[in-house]
Amino acid sequence: MRWERGRRSRNLEDRRAQGAGRRTGRLRLPLPAGRGGKLSLTSLLIMVGLYFLIGPEALQGLGGLGGGGLPGGAQVGLPGGGSGDVASGPLRTTPAEDELVEFVSFVLDDAQQTWARLLPGYREAKLVLYRDTTRSACGVGQAQMGPFYCPGDEKVYVDLSFYGELRSRFGAPGDFAQAYVLAHELGHHVQHLTGTEARVRRAQRSSPGDANELSVAMELQADCLAGVWGHAAAQRGILERGDVEEGLRAAGAIGDDRIQGMAGRAVQPESFTHGSSAQRQQWLGRGLDSGDPAACDSL
Ligand SMILES: [Zn+2]
């Protein structure tokens, strides 16, 4: 991609200094204190509280990027990322990470300018950059969930270490692959603004048997909407040779069948929540080819 360096979006909310240096990707539960195997009341309360904060239901149904979280958690390092175990402190970063922040800033602004033209009354979303864990109106976000969008606060949450995962573990390198990830999450924001997201959630509640199928349709639409932005970017001449292929490779890399296979699980189409690799590529391609949100009629 041909992108403009040195800018920082006003819609960026940088929380990386909170929890800086902790790269384990897991919350530390307090050890049961007290003697003779008894939990102290305080640790019990903390553990119960944590269960409800990070419990299995807390973050279900969010507009994440891939199904069921990433296999094996987020045992990843940023390029030259911190190695200490500091709960908070001054932000330690690297030139590579600084450049990534400028890049996501550029994509965020470019995509939102595109949507402001395409969608009357478009309201800008914020992008929260965090490390390991952070609070959202939808519950606690964790790095191993991958990037996600929370309609409750209209923010996209990204732990930048995901981009290392995308490149090395998912085999999808390239700046347009990274841009697609963010554009997909902004697609969920568009679905929220148009009322599509609320309509799908209602349908899922009234017909739980169709919940996964509806989720797949909504995710494929977000892929297509990401492509709509890609089409606009191509028209303005900021895509380079190979960019579209990078995006399609990334969409294929995070298909439910691929992720289930990577996690060593049997591939079960009925449990898909985001769509197969082939479907994700097909819908991203549909947006890229047409540039028309109306073509994203997976729902
Ligand atoms: Zn999604």
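How are H2 and H6 oriented to each other? Residues are numbered from 1 along each chain as its sequence is written, and side-chain values use heavy atoms, with hydrogens and water left out.

The protein has nine helices and seven strands; these are DSSP runs numbered from the N terminus, helices being H or I of at least four residues and strands E of at least two. Of the 299 residues, 53% are buried, where buried denotes under 20% relative accessible area, exposed over 50% and partly exposed in between (1.4 Å probe, protein chains only). Among contacts with a separation of 6 or more, 77% link residues 24 or more positions apart, a contact being heavy atoms within 4.5 Å.

Confidence is expressed as pLDDT, the predictor's confidence in each residue, from 0 to 100. The mean pLDDT of the protein is 85, and 78% of its residues reach 70 or more. Over residues 24-39 the pLDDT is below 50, and this stretch has 28 contacts in the model beyond near neighbours in sequence. Residues 71-86 also have pLDDT below 50, with 41 contacts beyond near neighbours in sequence. Where pLDDT is low, the predicted coordinates should not be read in detail.

The axes of helix H2 (residues 95-118) and helix H6 (residues 211-235) come within 10 Å and cross at roughly 95°. Axes are lines fitted to C-alpha atoms, for helices over the stretch in contact, and angles run from 0 to 180 degrees between N-to-C directions. H2 and H6 are therefore roughly perpendicular to each other, the class assigned to angles of 65 to 115 degrees, whereas those under 35 count as roughly parallel, those over 145 as roughly antiparallel and the rest as oblique. From H2, Val107, Asp110, Ala111, Thr114, Trp115 and Leu118 meet Leu225, Val228, Trp229 and Ala232 of H6. By class, this contact has eight nonpolar, one polar and one charged residues.

Helix H6 also contains aspartate 223, which is buried, with a relative accessible area of 0%. Leaving aside neighbours within four places in sequence, aspartate 223 is in contact with Tyr180, His184, Arg280, Trp283 and Leu284. Glutamate 219 is likewise found in helix H6 and is buried, with a relative accessible area of 2%. The C-alpha atoms of glutamate 219 and leucine 65 are separated by 8.0 Å, although these residues are 154 residues apart along the chain.

How values were computed:
This is a predicted model: local features need pLDDT of at least 70, side-chain atom pairs count only at pLDDT 80 or more; totals for chains, interfaces and linings use all residues. Ala, Val, Leu, Ile, Met, Phe, Trp, Tyr, Cys and Pro count as nonpolar, Asp, Glu, Lys and Arg as charged, and the others, Gly among them, as polar.
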